[in-house]
Amino acid sequence: MFFSFNYKSCAFGLCSLLSLMLFSDATDYGVEELQVKPIWKPSVCKRSVKIGDYVHYHYYGMLTNGKYFDSSYERGVSYNTYVGSGWLIDGMDKGLIGMCVNEHRLITIPPHLAYGEEGTGEGLIPGNATIIFNAVLLDIWNANDSIEVTTTFMPENCSKKIKTSDYVRYHYNGTLLNGKHFHSSYEEDSTYNTYVGQGWLIKGMDEGLIGACIGERMNIVIPPHLAYGEKGDEKNIPPSATVVFDVEIVDFHNPNDDVVVEILKPVENCPRKLENTDFVRYHYNGTLSDGTVFDNSYQRGHTYDTYVGYKRLIPGMERGLIGACMGEWRLITFPPHLGYGERGVEDKIPGSAVLTFSVHIIDFHNPKDDVQIEVMTLPENCKEEGARISKTGDYLTYDYDLLLMDGTKIESSKDRTGNWGSYIGTGRVIPGVSRGLSGMCVGEIRRVVIPPHIAYGEPGKDDFIPGSAVLDFTFELHNIEDPLPDGMHFVWVDDEHTPESEEDLFHEMDEDKDGFIILPEFTSYLLNQVEAGYAKLEPGNPQEDVITELFRDQDKNEDERIDRQEFTFLADDEPPQSKIEDEL
């Protein structure tokens, strides 16, 4: 049972009733010895009163007949004093010894340990009176006390600890020693931000924060001479009060801190590292020091693309990206003076917050970059003097695999039917492919890395090649064909079998000798000449398509047949009206 007397109880005529309940063994006849009767005591008592301690307690004072004579509750403030220093009557000095904070006890004091034969001058306590105090201890401290720090949670990783001159962000819940709440940062929905060891905090808090880790939670008990002293804070903290702070360290940094980079997944083969003025594409996950995510490129479904070294990024990110390899994962942590400073970003990043970015470098390039070529396989005959290598204008037949730099497969010629080929150096393929295929020998396999400005640029291509993407090709060359003369789509290559006149040629093509050449006759004749090795069609497009274009070019009146007057096949060939071009 827990009874608390106060002047209001007496005001309603309850003192006599309560005294009968609580002091049945303390009659008007008084007592000869000091009696201490605990009414309630906390299960955990970290500290008890000893001589020389300074205490705060509330009390209700009465005689053994239940008559009230004094109460600290009536004055609205606790009674604060030293124990064993002559500031109290002997019985109270002795009755408080061993008492715990929040303990409630009845202290019955005989006259010789109270006010003796004379009582008090005001007549409230008569001579030879036994007096009873119903007391509750609120606070206890000693002039020799220092702070008490108890860690209630310690994170597994504590690579850095708070030191003097650091700037710290922490949450706290502040109470008096008896548990009475006086303030909390959680109520403000904001951390408390300050420098440590610079006089911005009470001394006990300055001392208590030293050595703490990010994420650590601790209980800091601070005696008044290291807290708010004899005056208190003149608001919620009484004079000479012990204060208790439950603290959670959110983050901290030092004005001299720089960027910290941790390589999470290194890249074994890193021929080139990111430099200033490079354009980089990367994914990131941005968190505060407590793990709160404030931004994430993955949620938007595309990389963050930007130049490095042109102040398009906050300084900490620019410094943290320098030296990265393509495909690398790294953790970049930097202080607020290299991030978003004291203001932060509204509704996302608190002011003075330390930021951590988990970054995956997808690719990067420089506007000055050219193709990078790595020969993977080179046949022995390609090393011989005079070996045929590809050059501008040649038509090449090859296989290819196309990846992004993070290994994402885009496409492969092996997934399609038929041979794949293209002219190089004639604008029919992206510039980087033309450069990458130049100088190749049949049978050679090479890797070609192409920066976006000579690939598909900022727009990318359709939905499968991202904008500003570096491309990773692997080419295997199967055949090289010389180009036909400019504007020609069919040429004779064997003088001995070349018709001597258009008249002869017309009659050879006109199989049924009806005076007209129709498309099947035209096609059959040219294919026979090509198969026999007497002639050559323009490479790069299906032969039937090229022949059809040539036929239409001869069929001036578009009646689906060629008469002798229209036929000028041995004259300089005009380019067909339409062509099928490679899209690579």
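A salt bridge is counted where a side-chain nitrogen of Lys or Arg lies within 4 Å of a carboxyl oxygen of Asp or Glu. The structure is a predicted model, in which local features need pLDDT of at least 70 and side-chain atom pairs count only at pLDDT 80 or more, while totals for chains, interfaces and linings use all residues. Residues are numbered from 1 along each chain as its sequence is written, and side-chain values use heavy atoms, with hydrogens and water left out.

By this rule, 32 salt bridges are found. One of them pairs Lys409 with Asp415, with 3.2 Å between the closest N and O atoms. Both Lys409 and Asp415 are exposed (buried means under 20% relative accessible area, exposed over 50%, and partly exposed in between, with a 1.4 Å probe and protein chains only). Through shared partners, salt bridges also join Arg47, Lys50, Asp53 and Asp145 into one network.

Asp401 forms a salt bridge with Lys414, the closest N and O atoms being 3.4 Å apart. Asp401 belongs to strand β20 and Lys414 to the loop between β21 (409-412) and β22 (421-423), so this pair ties together parts 13 residues apart in sequence (strands are DSSP runs of E, at least two residues, numbered from the N terminus). Asp401 is partly exposed, at 24% relative accessibility.

Ile373, Val375 and Leu378 make a nonpolar surface patch of about 230 Å² (patches consist of residues with over 30% relative accessible area and no salt bridge, like charges being joined within 9 Å and nonpolar side chains, Val, Leu, Ile, Met, Phe, Trp and Tyr, within 5 Å). Accessible areas come from the Shrake-Rupley method with a 1.4 Å probe; for residues, only the protein chains shown count as cover. Leu378 lies in the loop between β19 (372-377) and β20 (395-404) and is partly exposed, with a relative accessible area of 36%.

Conventions:
Helix = DSSP H or I, 4+ residues; strand = E, 2+ residues; numbered from the N terminus.
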